[in-house]
Amino acid sequence: MRILSVVTSMASLKTIVALAVVSLAGISAAAGCAADNCYRALFPCPSPSAVSVASAFCATITASGTTATNYPTRATNACGTTADRYISACQCGPTCSYSTLTTATSSSSITNAPACEPPSTSTTFTSTTSTAPPACESTPVNGNLLYGDFECGFTPWNPLVFAPFTGVYGYSVTTPGFTKVNSFQTEFLGTPNCPTTCTYLRLTSPVFPVTPGVKYKYTFATWFDGISRGFVGTKINDRAGRTVSALDYPVKNWRFHQVPFQANATENEASVYFEWLNVESRLDSVTFAPLSAYCGNTSPVGLLPDGEFECGLGAWTQQKPDPQATAGVVNLGSDSLYTNSFPMGDYAWRVVSPGVPNPANQELHVSARIISGSMAVTPGKKYLVYFTSFFSNRTVGSVGVMINNSPIYTRNPNDAAQGTPTVFSPNHIIWTNMAGLTIASVKIEALVFGAGTIAIDSVMFVELNDGVV
């Protein structure tokens, strides 16, 4: 028997979907109804609008599928484009309503699947009628092509639970999130059946358009429940993107990540998916946008414009007290120094010193700096200051960060977090705004002590959930 619990609490803004598997033979399913992953993608309980669309679609489909040409896009990853999967899902019909709810139970026949493969199920279950939640728009803005802050539940994403467990496992939309209220959380409380690492769950985005040859960036944030041997992996169109291990960062701390992507000559659309392997964690703030969207007055992520420098300095102001140094936004692709340095896009802000500077020509060892435009901030709120840093050697100098002329951070090429100096490595700073401060500006300074190059890229300033640590 499979027990499917669906609990939606508007008070806590939490929806939990858990699956407890206990084998029991002899249970038969309702004829024609297959409540599999296609069914769950077609009728996502947290979204009444999506269920309404699915119900209208089911009213048009016939047994032969001849009238079904308008397959809901959110379901095609799980259902494909042949009618039989949709017909079997439509036989079940919508199975939950929306509100502060209730626990729904079901009995199922389960066909055993190989380890780490999703089982096939047939399900009949009942639920309690309740009131619809507040309207929620799942629409990307500011150049984004993907919606992934889970404020509307996991719709339009498609969760696919695999079967490597005996016990309780599944997924939820929970609080707190990284930037807003909600985040997507995995739950694995049973005993793994896989002898080594295997995939527990896959979360797949809807398909969105891309342009061949264009460079993009996608971002996401992770939070791990505890130290384990597992990790979260990402792919776009089956191309590996980024792997984040539970051992990479302190547990129960949010971390922000970014990954470059360039559409090849044959790619006109893309889909992102995340896979959980032997680990429980949270996911939030998934965005996908062309790097050109970071130019101008708005940014796909956060409050700070022109942080990718793909359109030059933009809203930044540059100061260069050291006449010996050269500074500015440059195209890195023409310089072999940056081969395998993993910049984001083609451009970055760079400071070059031909030798040991004369301190008399510097300002407290600062050879050059950039200052962002002013941003409106809320007193008492937390903000993420994020950027990547590159050093051509371990003695060239360091990078200092200020907000409104108050120092908050220093990165040295010998810091453990920098790793290899000649790689654009991430810097992740959580800054809490003081009482009474409503305007903020970010200042990044190159403190130069020797010959070499310092470069900065991918600067972001993002308002966070108050619970982030």
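Guide: This model is predicted, and a search through the whole of it turns up one disulfide. The partners are Cys295 and Cys311, with 1.9 Å between their sulfur atoms; that falls within the 2.5 Å required of such a pair. In general terms, a disulfide is a covalent bond between the sulfur atoms of two cysteines. The torsion about the S-S bond of Cys295 and Cys311 is about 85°, so this disulfide is right-handed. Cys295 and Cys311 each lie in the loop between strand 19 (281–290) and strand 20 (317–319), so the bond ties together parts that are 16 residues apart in sequence. As for accessibility, Cys311 has a relative accessible area of 49% and therefore counts as partly exposed; the exposed class begins over 50%.

From the covalent link we can go on to contacts between charges and rings. The charged end of Lys217 sits over the ring of Tyr294, at 4.2 Å from the ring centre. A second example is Arg202, whose charged end sits over the ring of Tyr273, 4.8 Å from its centre.

Phe150 and Phe184 are both buried.

Phe178 and Trp254 make another pair, with centres 5.6 Å apart and planes at 45°, so this pair is tilted as well. Phe178 comes from the loop between strand 8 and strand 9, and Trp254 from the loop between strand 15 (239–245) and strand 16 (255–262), so the parts tied together are 76 residues apart in sequence. Phe178 has a relative accessible area of 1% and is therefore buried. Trp254, at 2% relative accessibility, counts as buried too.

Thr175 and Pro176 are joined by a cis peptide bond, with omega at about 0°. Pro176 is placed in the loop between strand 8 (168–174) and strand 9 (183–188).

Five strands form an open sheet in the order 21-22-31-25-28, with antiparallel pairing. Strand 21 (326–331) and strand 28 (425–432) are at its edges with a single partner strand each, so one side of each has no neighbour in the sheet. On average, neighbouring strands here are turned by 30° against each other, direction ignored. As a general point, strands of a sheet pair through backbone hydrogen bonds, either parallel or antiparallel. Between strand 21 and strand 22 (residues 347–353), which run antiparallel, there are six bridges. Within this pairing, Val329 stands opposite Trp349 of strand 22.

The connection between these two strands contains Asn340, which is in the loop between strand 21 and strand 22. Asn340 has a positive phi of about 65°, although it is not a glycine. With a relative accessible area of 60%, Asn340 is exposed. Asn404 is a further non-glycine residue with a positive phi, in this case about 50°. Asn404 belongs to the loop between strand 26 (397–403) and strand 27 (406–411). Its relative accessible area is 30%, so Asn404 is classed as partly exposed.

Last, a residue between two helices. Thr81 is in the loop between helix 3 (76–79) and helix 4 (83–92). Its relative accessible area is 59%, so Thr81 is exposed. Leaving aside residues up to four places away in sequence, Thr81 touches Tyr71 and Tyr86. Asn70 is eleven residues from Thr81 along the chain, and their C-alpha atoms are separated by 9.6 Å.

Definitions and conventions. Residues are numbered from 1 along each chain as its sequence is written. This is a predicted model: local features need pLDDT of at least 70, side-chain atom pairs count only at pLDDT 80 or more; totals for chains, interfaces and linings use all residues. Side-chain values use heavy atoms; hydrogens and water are left out. Helices (H or I, at least four residues) and strands (E, at least two) are DSSP runs, numbered from the N terminus. Buried means under 20% relative accessible area, exposed over 50%, partly exposed in between (1.4 Å probe, protein chains only). Contact means heavy atoms within 4.5 Å. Two strands pair if DSSP finds at least two bridges between them. Axes are lines fitted to C-alpha atoms, for helices over the stretch in contact, and angles run from 0 to 180 degrees between N-to-C directions. Rings of Phe, Tyr and Trp (its six-membered ring) pair if their centres lie within 6.5 Å; planes under 30 degrees apart count as stacked, over 60 as edge-to-face and the rest as tilted. A charge sits over a ring if NZ of Lys or CZ of Arg is within 6 Å of the ring centre and within 35 degrees of the ring normal.
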